Amino acid sequence: MVYVPAKPTVFVPELVGNATAYGTLLANIDSAYVDYAPPIVGPVATKFQVGSTTNVLVAEWQIRGNADAVPMYCTIRWRGTTGFTATATFEVDDGSTSDSDTVTSTTDSWSTDTIVVTPSTNVTPRFGRLYLRINNAAQRTYCANLVSGYAPSSFAAGALPSGCAKFGGAWLADGLPITTEAIERAHNNLRNLARDRVCGIAGGFNRSDSGPGAAPPGPTYETSSSSLTLVDRWLVPYTDTDRRPYFFAFKLAGTDPEVMWCVGGATSHVSGAGFRNSTEDLALSKGMQGEIYLRSTSGGACSMSTWQIQRGL
Amino acid sequence: MATRQPETGPILDQLAVVAFTDPEPATIRHLQRIDRRLHALYTAWGGGGFWVPCHMDNSETPDEMVVPIPIPSGVEYFEVRALVSQRDKTTPKAAKIVLQSGNTSDSVTITFAEFGGGDTLEGAIEVFADDYLQCRSGLAWSWGDDEVTITFDIGTGKLWGLLFQPVHLAQTV
């Protein structure tokens with residue numbers, strides 16, 4: 001089923017329950033479950049290079065929502081070294097159960113590959129991870145881009161963990177009234193779908209270098225200063241027109257790390273190693289810019305491997 | 001034939017659960033509201049923009065990069081803006097970055113000249129592409145993808161990132 005937008009004037013008084021417009025509306029809501037596939041993180045132009053025969057974690061990000069465990073994709077732009085086998089692994093981990101799949105490259109030609117993983121549990125939140133390796137430590141594999149999101153393929157029958165429930169042609173027989181249950185389900189499916197497919201709007205990864213040769217150019221989300229150091233800036237995509245919550249996540253490491261971010265006149269900070277999250281109500285609009293600062297409060301060495309901003313709950 | 005505008009809201013993921021208490025008065029307003037929210041998911045609300053950090057230097061080899069771009073439903077064009085910086089303040093030079101869609105071969109150009117902030121993240125400024133970038137030919141109501149090639153064509157400096165903002169147009173329905 002393909003979404004068929006209704007004409008603006010189609011829903012008028014005295015519409016009957018078996019009318020085509022009403023049936024199409026319910027079918028459209030079922031279609032939305034399969035069609036709505038925003039990115040969770042990325043696209044990010046990454047600077048990853050790995051020369052290791054064992055998996056090296058080059059990117060890690062948070063996956064919220066997706067209680068329905070729809071398939072998830074990770075598309076990468078990458079290459080290996082001719083004559084050797086490079087392997088990229090996309091993992092989805094809920095903390096106790098991990099699902100993963102791989103792609104390989106045996107050439108130094110850049111290619112775009114998509115790895116799809118279907119989570120085997122409904123446990124949320126999860127973490128997405130990208131690992132790289134190559135079967136000769138003297139060689140290298142490179143990854144220049146990453147984007148990850150949802151790849152829903154079907155809408156299962158019954159009430160799903162997200163709260164969505166398929167119509168599947170129900171409530172459309174001749175002579176049936178339009179039921180309150182159908183109206184509730186239509187309203188709530190849209191709401192629950194939007195909540196279950198959390199949408200990323202910005203994010204980045206620190207460069208990753210493991211193996212021989214010079215380090216790649218690219219972002220260095222690292223500092224040994226106790227003063228706030230500007231490590232990245234971003235232009236704000238305009239998504240919602242009103243004030244709403246946004247989810248900020250930063251993965252920090254090292255000695256006493258602290259991140260401060262500013263956007264649209266708002267400022268906040270998180271500190272400590274590991275993923276650190278913050279949810280803020282903001283009214284983002286066209287023309288705004290965001291900034292991310294990093295420091296070690298004690299002046300030690302610290303780094304930020306991931307930053308993510310999503311439309312949050 | 002009729003024309004339908006994109007819908008920007010409401011904020012779908014923040015809506016309260018709807019639970020009617022029978023008897024609920026029958027009103028066409030319910031269907032109108034559901035239809036508008038559905039169209040919002042397929043258009044402006046569901047297809048927001050995204051920021052692509054690049055950290056691309058003109059001296060990198062190769063000086064081009066291919067970025068896989070998701071295309072929201074109902075979208076053919078993106079407005080593109082960039083955060084750029086340029087060195088060599090004493091010798092003014094123009095710089096040009098070209099973006100080309102793999103789907104349509106359409107291209108846009110981002111040009112900028114020397115400015116005083118220096119070739120640093122702090123000194124970077126926002127510049128606009130000279131046109132909308134067409135990344136899909138024709139209307140589709142599902143998410144798609146494109147591969148956009150970014151070439152640092154002329155000049156010096158750094159591309160710190162790109163904002164891809166989908167252009168949601170009124171559609172014939």
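Modeller: Helices and strands here are DSSP runs, a strand holding at least two residues, and they are numbered from the N terminus. The model under discussion is predicted.

Colleague: In which element is His55(B) placed, and is His55(B) buried or exposed?

Modeller: His55(B) belongs to strand β2 of chain B. Its phi is near 55°, a positive value in a residue other than glycine. The threshold for burial is 20 or more other C-beta atoms within 10 Å. His55(B) has 22 such atoms within 10 Å, and therefore counts as buried.

Colleague: How is Asp256(A) classed by its C-beta neighbours?

Modeller: Asp256(A) also has a positive phi, of about 45°, although it is not a glycine. This residue lies in the loop between β13 (244-254) and β14 of chain A. A residue is partly exposed when its count falls between the limits of 12 or fewer for exposed and 20 or more for buried. Asp256(A) has 17 C-beta neighbours inside 10 Å, so its class is partly exposed.

Colleague: Which residue of β17(A) is the bridge partner of Pro257(A)?

Modeller: Strand β14 (residues 257-263) of chain A pairs with β17(A) in the antiparallel sense over 7 bridges. β17 (residues 289-296) of chain A also pairs antiparallel with β12 (residues 229-235) of chain A, over 6 bridges. In that pairing Trp234(A) stands opposite Gly290(A). For Pro257(A), the bridge partner in β17(A) is Ser296(A).

Colleague: Why do β2 and β5 of chain A each have one side without a neighbour in the sheet, and where do they stand?

Modeller: Four strands of chain A form an open antiparallel sheet in the order β2-β7-β4-β5. β2 (56-63) and β5 (98-105) each have a single partner strand, so one side of each is left without a neighbour; their place is at the edges.

Colleague: How many bridges join β4 to β7 in chain A?

Modeller: In this pair, Asp93(A) stands opposite Phe127(A) of β7(A). The strands β4 (residues 86-93) and β7 (residues 126-134) of chain A run antiparallel, and the number of bridges joining them is 8.

Colleague: How are α2(A) and α1(B) oriented to each other?

Modeller: The axes of α2 (residues 180-196) of chain A and α1 (residues 28-42) of chain B come within 10 Å and cross at roughly 20°. The contact includes Ile183(A) and Leu190(A) from α2(A), and Ile34(B) and Leu38(B) from α1(B). The crossing is left-handed. Angles under 35 degrees count as roughly parallel, and the two helices are therefore roughly parallel.

Colleague: Which element gives the most to the side of chain B that touches chain A?

Modeller: Between the chains, 61 residues of chain B are in contact with 64 residues of chain A. Elements giving two or more residues to this side of chain B include β2 (50-57), β3 (64-71) and β10 (158-167). The most, 11 residues, comes from α1(B).

Colleague: Which residues of chain A are in contact with Tyr42(B)?

Modeller: Tyr42(B) lies in helix α1 of chain B. This tyrosine is buried, with 26 other C-beta atoms within 10 Å. Leaving aside neighbours within four places in sequence, its contacts include Ser73(B), Gly74(B) and Trp141(B). From chain A, the contacts are Tyr3(A) and Ala32(A).

Colleague: How many residues has the largest nonpolar core?

Modeller: Among the residues with the most contacts inside the core are Ala32(A) and Cys143(A). Beyond four places in sequence, Cys143(A) touches residues including Phe48(A), Trp78(A) and Leu132(A). The largest nonpolar core has 125 residues.

How values were computed: Residues are numbered from 1 along each chain as its sequence is written. Chains are lettered from A and ligands numbered from 1 in the order in which they are written. This is a predicted model: local features need pLDDT of at least 70, side-chain atom pairs count only at pLDDT 80 or more; totals for chains, interfaces and linings use all residues. Two strands pair if DSSP finds at least two bridges between them. A nonpolar core is a set of buried Ala, Val, Leu, Ile, Met, Phe, Trp, Tyr and Cys residues joined through C-beta atoms within 7 Å. Two residues are in contact if their C-beta atoms, placed from the backbone, lie within 7 Å. Axes are lines fitted to C-alpha atoms, for helices over the stretch in contact, and angles run from 0 to 180 degrees between N-to-C directions. Angles under 35 degrees count as roughly parallel, over 145 as roughly antiparallel, 65 to 115 as roughly perpendicular and the rest as oblique. A crossing is left-handed if the near helix is turned anticlockwise from the far one by less than a right angle, and right-handed if clockwise.
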